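Biologist: I'm new to this one. Can you put it up and walk me through it?

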Amino acid sequence: MIFSELYSAYYNAVAEIITLVISGERDEKRLREAVCDKAFSESVLEVLPSLRSGKWQIITPSLETPIKNKPTLPLTLLQKRWLKAVMLDPRVKLFGIEIEGLEEVEPLFTSEDYLVYDKYLDGDDFEDEGYIIRFRNILKGLRENTPLRITYLSRHGDEVVFCVLPERLEYSEKDDKFRLIARGSRSLTTFNLNRVLRVTAVKGSPPIREKISPPETCSVTLRIRDERNALERCMLHFAHFEKYAERLDNGDYTVRVNYSVDDETEMVIRILRFGPFVEVVEPQSFRELIIDRLKKQMSIKI
Amino acid sequence: MSEYRELVKNFEKVRSYMREFYVYGFKSRSEYDSKSARSYDDERRRIESWLGDHMGFIRTRDGKNAFISIDSRVSAHNPLYKGLKTKSFTDKDITLHFILFDLLSSPEIKMTLPEILDGLDAYLSAFSSPMLFDESTVRKKLREYINEGIICTERSGKSNLYFRSPETLLPESCDGIHFFSEVMPCGAVGSFLLDKYPDNADKVSFKHHYITSALDSDILVRLFEAMHTKRTVTAVNYSRHSELPCKIYIVPLRVFISVQTGRQHLLAFDLNNGRIKSWRVDYLAEVEIGDKCPSFDNYRELLEKSRRYMWGVNCSKSDRYLETVEFTVFVGDGEEYIVNRLEREKRLGTVEKVDDNHYRFSATVFDTGELLPWIRSFVCRITSIKFSNRTLENRFRDDLRETYRLYGLGGDEE
């Protein structure tokens with residue numbers, strides 16, 4: 001069972017409080033912070049009073065505990081089975097995960113039990129030894145905050161060398177690709193990992209991370225006519241963006257979707273997929289992008 | 001009237017609210033009419049407490065609307081997993097849990113039930129009104145934990161000895177667990193593992209990342225278990241096609257996950273009408289695992305054979321009902337990326353070069369309707385299109401004309 005108190009935020013919060021109390025930390029403020037950190041915004045109203053009142057007999061009203069050891073819990077069978085399933089995934093080699101003690105454990109699922117059926121076919125080759133080494137070098141750079149020298153194959157087929165500070169890796173499930181987001185001299189740069197040829201660490205102390213503005217975002221407002229289940233399809237399709245939806249008087253809906261400026265063309269294509277059921281309302285400049293494509297299509301007699 | 005609690009006993013009720021708030025977010029309080037107003041207020045308050053800033057409100061003429069808005073590219077950890085960490089428990093549950101694992105603080109410590117009961121009493125003597133645990137309560141909890149795999153038992157003479165399961169060491173760095181907690185089915189389990197790490201600074205973020213499947217984690221675990229043990233399942237399907245929920249009797253075969261639409265479907269053999277069908281996982285509830293199914297391997301083989309004609313999740317009774325589609329696109333000079341798009345985005349079928357500036361895609365599938373959204377994404381360069389299903393071809397052309405009108409172009413493409 002996934003929905004179990006064994007995994008609950010309250011159990012985690014209480015384990016943290018016991019750990020603090022055992023180590024001699026009894027400051028009320030610190031204990032409240034522990035609850036906020038491990039549980040939810042209203043949890044302080046429940047957790048500490050329940051402990052202090054003796055409702056949960058783990059901490060005494062004077063903030064002592066009969067518990068002697070820092071609370072730990074062995075992995076549940078469900079956790080082991082999920083880990084075993086993870087170990088069967090080819091991408092596991094990228095992270096160099098090795099876990100002992102799972103030999104007799106049945107995986108929770110295997111590739112026979114599920115299928116990602118619409119990811120693109122030109123995803124990264126996660127089993128290529130060179131790719132794995134480069135990935136791990138980047139990950140090491142991220143963990144250790146080390147600048148990296150990246151040799152990159154440009155679109156024109158040239159080898160270009162960059163010296164960057166890795167910011168994070170980004171994975172697209174649709175593209176089945178990793179990208180490295182890194183700090184260059186002034187801005188963030190994106191590198192497709194399948195075009196990274198070499199990665200080496202640059203010696204020296206890590207540079208100070210100056211604040212770089214996040215990528216520019218903009219929004220598009222769509223009007224949805226709920227036919228052929230368009231409303232649900234559209235809302236789910238754009239669910240991973242920050243968005244706000246509203247119903248109009250005529251029974252249509254509008255949804256404002258915030259997206260990264262870099263993804264404008266992708267957004268145009270995604271909106272076209274919905275045909276006449278999703279219309280771009282604003283901004284006019286985005287609407288023109290759709291109109292332009294429609295005009296081109298109109299000019300072709302099919 | 002029961003008092004409001006932040007935790008819940010049953011996730012099913014709050015699951016539908018979370019989905020509504022996240023996927024739609026335009027409904028006002030009065031529209032959640034199938035539930036009482038009190039119930040709505042409690043669920044909204046809980047979700048707000050769990051998700052914090054991800055929950056928003058807006059006042060409209062219909063009232064105050066609650067919605068969940070999450071940019072999954074910015075939020076490296078799926079916030080909806082928090083909903084799965086809210087199971088309620090009794091005062092005795094939590095007290096017994098922490099004392100029990102302190103008594104059994106290492107796998108080498110093995111105790112009988114009476115020894116555990118004595119140990120409990122000793123711990124609880126620190127309190128002015130100590131809780132009382134009877135033998136059956138503790139035995140029941142031990143049995144529950146044995147099933148969860150965190151307590152082991154062995155026979156010693158006439159008694160059972162209980163001890164904690166041996167430790168399984170997690171990787172030193174949590175990056176891998178974090179990655180898989182977001183991209184693998186039942187990733188909530190990975191999130192539970194991450195809770196064991198003191199620090200989980202994020203090295204990986206996600207693009208095109210759908211997170212609603214988190215809410216279906218418990219359903220998926222049961223479906224995978226049924227597949228693993230080759231068993232039948234009964235479930236309740238809350239389909240949009242019918243007013244009333246419908247009970248289904250199936251053999252689960254495989255979960256089809258879409259990373260382009262955010263939907264997950266269960267492909268299963270329908271024992272009521274003898275064919276493979278698909279069901280939306282987020283519409284399923286009350287999944288109960290039933291008997292062994294001797295034909296499981298045959299059904300799975302049938303599904304595997306069908307896959308060569310499945311663009312999406314629609315599966316036909318036999319390959320006598322196949323449809324064909326072909327369309328040609330214009331590819332200008334320097335637009336090789338369009339050919340790349342055709343090649344990498346096609347799930348089946350073929351792409352052939354017609355001439356230097358035209359490429360044709362063709363496919364034979366069970367349901368050409370499933371290709372419509374993809375074909376529309378090439379609008380502006382489609383030079384010919386042909387469906388064997390004439391109704392569908394007319395629909396495509398009608399839709400295109402309608403789209404022209406929508407943008408004030410009003411012409412006729414034919």
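Predicted model: local features only at pLDDT ≥ 70, side-chain atom pairs only at ≥ 80, totals over all residues.

Biologist: Which domains is chain A divided into?

Modeller: Domain 1 (1-73), domain 2 (129-201) and domain 3 (217-298). The bounds come from an automatic or database domain assignment.

Biologist: What separates the centres of domain 1 and domain 2 of chain A?

Modeller: 42 Å, taken over C-alpha atoms.

Biologist: How many residues of chain B are in contact with chain A?

Modeller: 114 residues of chain B, against 104 residues of chain A. Contact means that the C-beta atoms, placed from the backbone, lie within 7 Å.

Biologist: Which helix gives the most on the side of chain B?

Modeller: Helix α3 (residues 91-103) of chain B, with 8 residues. Helices (H or I, at least four residues) and strands (E, at least two) are DSSP runs, numbered from the N terminus.

Biologist: And by class?

Modeller: The side of chain B that touches chain A has 54 nonpolar, 32 polar and 28 charged residues. Ala, Val, Leu, Ile, Met, Phe, Trp, Tyr, Cys and Pro count as nonpolar, Asp, Glu, Lys and Arg as charged, and the others, Gly among them, as polar.

Biologist: Which strand does β1 of chain A join, and in what sense?

Modeller: Strand β1 (residues 114-116) of chain A runs parallel to β7(B), with 3 bridges. Leu115(A) stands opposite Phe256(B) there. Two strands pair if DSSP finds at least two bridges between them.

Biologist: What else does β7(B) pair with?

Modeller: Strand β7 (residues 246-257) of chain B is antiparallel to β6(B), over 5 bridges. Strand β6 (residues 231-237) of chain B also has 5 bridges to strand β10 (residues 284-292) of chain B, again antiparallel. Val233(B) faces Ile250(B) in β7(B) and Ile289(B) in β10(B).

Biologist: New topic. Why is α1(A) called largely enclosed?

Modeller: Because 10 of its 14 residues are buried. Buried means 20 or more other C-beta atoms within 10 Å of a residue's own, exposed means 12 or fewer, and partly exposed is in between; C-beta atoms are placed from the backbone.

Biologist: What covers those residues?

Modeller: The cover includes α2 (28-38) and α3 (47-52) of chain A, together with α3 of chain B.

Biologist: How far does α1(A) reach?

Modeller: Helix α1 (residues 9-22) of chain A reaches 20 Å from first C-alpha to last, close to the 20 Å expected. The expected span is 1.5 Å times one less than the number of residues. Gly24(A) follows the helix, with a positive phi near 90 degrees.

Biologist: How many residues of α7(A) are buried?

Modeller: 6 of the 8 in helix α7 (residues 230-237) of chain A. Among them are Leu231(A), Arg233(A) and Cys234(A). Their cover includes α8 (264-272) of chain A and α1 (11-24) of chain B.

Biologist: What's the strand order in the chain A sheet?

Modeller: β8-β9-β7-β10, an open sheet of 4 strands with antiparallel pairing. β8 and β10 of chain A each have a single partner strand, so one side of each is left without a neighbour in the sheet. Neighbouring strands are turned by 30 degrees on average, direction ignored. Axes are lines fitted to C-alpha atoms, for helices over the stretch in contact, and angles run from 0 to 180 degrees between N-to-C directions.

Biologist: Which strands does α9 of chain A lie across?

Modeller: β7 and β10 of chain A; helix α9 (residues 284-298) runs at about 140 degrees to β10(A). Those two strands share 4 bridges, and Leu222(A) has Val280(A) as bridge partner.

Biologist: What about the sheet in chain B with β12 in it?

Modeller: That open sheet has 4 strands in the order β12-β13-β11-β14, paired antiparallel. Its edge strands are β12 (350-355) and β14 (382-387). The twist averages 15 degrees from one strand to the next. Helix α10 (residues 336-345) of chain B packs on the sheet, touching β11, β12 and β13.

Biologist: Last one. Is Ile116(B) buried or exposed?

Modeller: Buried, with 22 other C-beta atoms within 10 Å. Ile116(B) sits in helix α4 (residues 113-124) of chain B. Residues it touches include Leu100(B), Val138(B) and Tyr162(B).

Methods:
Residues numbered from 1 in each chain as written. Chains lettered and ligands numbered in written order. Contact = placed C-beta atoms within 7 Å. Lists of a residue's contacts leave out its neighbours within four places in sequence.
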